[in-house]
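Hi,

Here's the structure I promised to pass on.

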Amino acid sequence: MTAASAKTFAAVLTPPARGAIATVAVRGQAAVVWSDRFFTSFSKVPLCQAEVGRILVGQWQAEEEELGEELVVAKLAEDYVEIHCHGGVQASRRIVKHLESVGCEIGTWQQWTRREAADAIVAEAQIALPEAATQQAALHLIDQAAGALSHRVSAIVRDIEDGNFEIAQQQIAQLLRFAPFGQHLTRPWSVVLAGPPNVGKSSLLNKMLGYDRAIVLDMPGTTRDVLHATTALDGWPVQFSDTAGIRLSDDQVEQAGILKAKAALEQADAVLVLHDATNLRPHELDDSLKQLPAALHVVNKIDLANDLQLPEGGEMLATSAVTGQGVPELISAIVTQLVPVRPDVGQAIPFTLRQLDHLEQAQQLLQNQLPAPASQRLSDLLNLTSFPADNS
Ligand SMILES: Nc1nc2c(ncn2[C@@H]2O[C@H](COP(=O)(O)OP(=O)(O)OP(=O)(O)O)[C@@H](O)[C@H]2O)c(=O)[nH]1
Ligand SMILES: [Mg+2]
């Protein structure tokens, strides 16, 4: 426990929704005494006298209340009590209100995590974990919650203190290589489907998702607004955006859609530029689709083109959104583009902008031969007291 958390503090650790059980955690010198004011165990053992580790069933009731709630209280340390009550929002709120009435400080589960975690990076990992959209993303965050990044940062601080500046710089550079990947552990990669009208963007989206998310019609200009759908590709969270076919148009609604499509291209981690196999004219592509840095060019409708000759030189994938031919290869190509190096289990990965910022600053300071401030930036990264305040 840090000095800041010396006051007795309570938080509801379970989400504010209907559930079978909610957990209220209380930590601090008065945790047991204050819980005892409201809780009477059926075995008549007061919490103060119960041994650590004891789980008691009993009644939680304030003096002025006519009715109490039957619940379970676990005394997990002399200064730590967990109350497991009914999962309804009002039930946990009532217990928190009682604790507050006797002087307990109340906070959110994120604030609780910041007080309880071993260091600020571990706290960030625990807070980020519910945001992980896939199991694979969660596993990497669990590694950081177990200290992978914290240990690496501490080792770099020691390297700097020992005068091993070059090793420290190499270690920071290695961490920074994983930072773009790390930001996506809580936020899906963005993949945009773009191209001329009627080439099969919406059909290919539906095929990759495995269900009909977008309207498909044999009519150019079907998709207007940008349409999003989130899925997992090879275990990584990906948000696809289907866009309006880009062409010159007098239709105001279509024009608005095309502008939105072009804006979506700028935010994308990867763009699938689609071409029609029955009408292959890559040189006539709109300027906005030429030379996109993160583009994968896909020739769709290959089921309709028997003697298809792909243009030489340019890397192009071939698919049929109707038969599914080439779709697994396309998905592999997308994954390779998004995650070129798959991190090992246990790899230290920076996953927040705060971490990225501190690491970049430390690297810059080392390059400018300022080891002491560099070491300070890294130590701040771990320090719970320098963690930005957040009421969430
Ligand atoms: N045979 C065949 N038809 C396809 C394929 N992909 C799409 N189509 C057909 O092509 C037409 C247009 O498909 P969409 O998916 O709506 O095309 P789009 O690119 O989204 O079109 P816009 O939204 O208008 O820009 C539909 O009739 C689809 O069934 C394919 O791989 N093979
Ligand atoms: Mg469409």
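Predicted model: local features only at pLDDT ≥ 70, side-chain atom pairs only at ≥ 80, totals over all residues.

Six strands make up an open sheet with mixed pairing, and their order is β9-β10-β8-β11-β12-β13. The edges are taken by β9 and β13; each has a single partner strand, so one side of each has no neighbour in the sheet. On average, neighbouring strands are turned by 30 degrees against each other, if you ignore direction.

At the β9 end, β9 and β10 run antiparallel and are joined by seven bridges. If you want one pair to click on, Thr230 has Gln239 in β10 as its bridge partner.

There's also a helix lying over this sheet. Helix α10 (residues 327-338) lies across β8 (189-194), β9, β10, β11 (270-276), β12 and β13. Relative to β12, α10 runs at about 175 degrees.

Next, the helix pair. The axes of α6 (residues 148-161) and α7 (residues 165-183) come within 8 Å and cross at roughly 155 degrees. Since angles over 145 degrees count as roughly antiparallel, that is what α6 is to α7. The crossing of α6 past α7 is left-handed.

Who touches whom there? On the α6 side you'll find Arg152, Ile156, Asp159 and Ile160, and they meet Phe165, Ile167, Ala168, Gln171, Ile172 and Leu175 in α7. Sorted by class, this contact has seven nonpolar residues, one polar and two charged.

Most residues other than glycine have a negative phi. Asp234 is not a glycine, yet its phi is positive, about 55 degrees. Asp234 is partly exposed, because 15 other C-beta atoms lie within 10 Å.

Lys301 also has a positive phi without being a glycine, at about 70 degrees. Lys301 lies in the loop between β12 (295-300) and β13 (316-318). Is Lys301 buried or exposed? Lys301 counts as buried, because it has 25 C-beta neighbours inside 10 Å, and the cut-off for that is 20 or more.

Cheers

Methods. Residues numbered from 1 in each chain as written. Chains lettered and ligands numbered in written order. Buried ≥ 20, exposed ≤ 12 C-beta atoms within 10 Å, placed from the backbone. Helix = DSSP H or I, 4+ residues; strand = E, 2+ residues; numbered from the N terminus. Axes fitted to C-alpha atoms, helices over the stretch in contact; angles between N-to-C directions. Parallel < 35°, antiparallel > 145°, perpendicular 65-115°, else oblique. Left-handed = near helix turned anticlockwise from the far one by under 90°. Contact = placed C-beta atoms within 7 Å. Nonpolar A, V, L, I, M, F, W, Y, C, P; charged D, E, K, R; others polar. Pairing = 2+ DSSP bridges.
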